[in-house]
Structure formats: C-alpha cells, structure tokens
Amino acid sequence: MEPMDIVGKAKEDASLPKATMTKIIKEMLPPDVRVARDTQDLLIECCVEFINLLSSESNEVCGREERRTIAPEHVLKALGGLGFGEYIEEVYAAYEQHKVETMQDSLKGAKLSNRAEMTEEEALAEQQRMFAEARARMNGGAIASKQPDTDQSFES
C-alpha cells in the first residue's frame, strides 16, 4: 500500500498542509459557518490545481523570455495571462511586504550574530562558568557565584 499524505493521495502528488489550509478556510468564513471535511479537501485540491496552473504558466512566460529561473515578475505576468489580472496589484503588494519582512529578519539575525561574538578569553570564561553551574546542579548544590580565574595558565 502506498504511503498517504494529508489529503489522501500518494506521496508523489503535490499537496498543501491540511491544518494550515483548514485554518485559512476558517479565517475566510464567518464564525458560525462550518465546512464539511470533504469540502475542505476539495478546496485544498482546487488550491493545488491553481498553483500547478500558475506554475506552468509562469514557466511558459519564463521560457518565452529565454530565462531559466522563474522570477516573481513571471508569476505576475502569468496571473494576467490566466485572467487573474485584478489580483496582480494585491499579489505584488504581498510580495513586497514579504521582501521587507525577510530583510528585517535577516538584519535581526545579523545583529544577533554580531552580539554573539566573544573574544577567546570571554568564551573560555563563559565555558568555565557553565561547567561550574552544571557541576553544581549535578551535585545538588547551589551554583557558585565565583567567576573562574581567566588568567590561569594551563601549563604545569
């Protein structure tokens, strides 16, 4: 028997996360409206089909421009070519927002990694402090507040 994915098709078939899609469906409807499970599955399949159609059309647009990588502009042109031109502005705005959020996330990550840089002596002192805390926890004693002597020589 084939392994099944969340929508009940073989793993080779493309699908979307059922929990996420169910959440999106419920957010779009009034709170008093319920959706049958088979209706949710049908909506998910429609979304997968739409993504397949849009991907295929984007690939054709990309090919006509003699490019090998599908760019966001190709997707926007494909939306227009498929008759979804009224969504282009909203999709582009969402794409721009995504770029801003991604840039902010990468800047936050860069700031955190810069803060994480320590000198070798600071790193050794921190390591010794953490070892002391771990020993204290293992022995059931209190954590010693004494900082290790960073000027210790390792030579005997």
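In this predicted model, residues 1–11 keep a pLDDT under 50, and the model gives this stretch 21 contacts beyond four places in sequence. Residues 143–156 likewise have a pLDDT below 50, with nine contacts in the model beyond near neighbours in sequence. Where pLDDT is low, the predicted coordinates should not be read in detail. Over the chain the pLDDT averages 82, and 75% of the residues score at least 70. Confidence is highest in helix H3 (residues 72–81), at a mean of 97, and lowest in helix H4 (residues 88–115), at 81.

The chain contains five helices and zero strands, so that its pattern, read along the sequence, is α-α-α-α-α. Of its 156 residues, 15% count as buried, and the accessible surface comes to about 12,700 Å², with 55% of that area belonging to carbon and sulfur atoms. Among contacts between residues at least 6 apart in sequence, 27% join residues at least 24 apart.

| Residue | Relative accessible area | Class |
|---|---|---|
| Threonine 22 | 13% | buried |
| Isoleucine 24 | 38% | partly exposed |
| Glutamate 89 | 70% | exposed |

Threonine 22 is found in helix H1, and because its relative accessibility of 13% is under the 20% limit, threonine 22 counts as buried. The side chain of threonine 22 is joined to that of glutamine 40 by a polar contact of 3.4 Å.

Isoleucine 24 also belongs to helix H1, which spans residues 18–28. Its relative accessible area of 38% lies between the limits of 20% and 50%, and isoleucine 24 is therefore partly exposed. Together with Met28, Leu29 and Val33, Ile24 forms a nonpolar patch on the surface, and these residues share about 350 Å² of accessible area.

In helix H3, the buried residues include His74, Leu76, Ala78 and Leu79. Glycine 83 follows H3 and has a positive phi, near 90 degrees.

Note on methods:
Residues numbered from 1 in each chain as written. Predicted model: local features only at pLDDT ≥ 70, side-chain atom pairs only at ≥ 80, totals over all residues. Heavy atoms only, no water. Patch = residues over 30% accessible without salt bridge, like charges linked within 9 Å, V, L, I, M, F, W, Y side chains within 5 Å. Areas by Shrake-Rupley, 256 points an atom, 1.4 Å probe, with all protein chains shown as cover. Salt bridge = Lys/Arg side-chain N within 4 Å of Asp/Glu carboxyl O. Helix = DSSP H or I, 4+ residues; strand = E, 2+ residues; numbered from the N terminus. Buried < 20%, exposed > 50% of the residue type's maximum accessible area, 1.4 Å probe, protein only. pLDDT = per-residue confidence, 0-100. Contact = heavy atoms within 4.5 Å. Polar contact = N/O pair within 3.5 Å; in protein donor to acceptor, adjacent residues only side chain to side chain.
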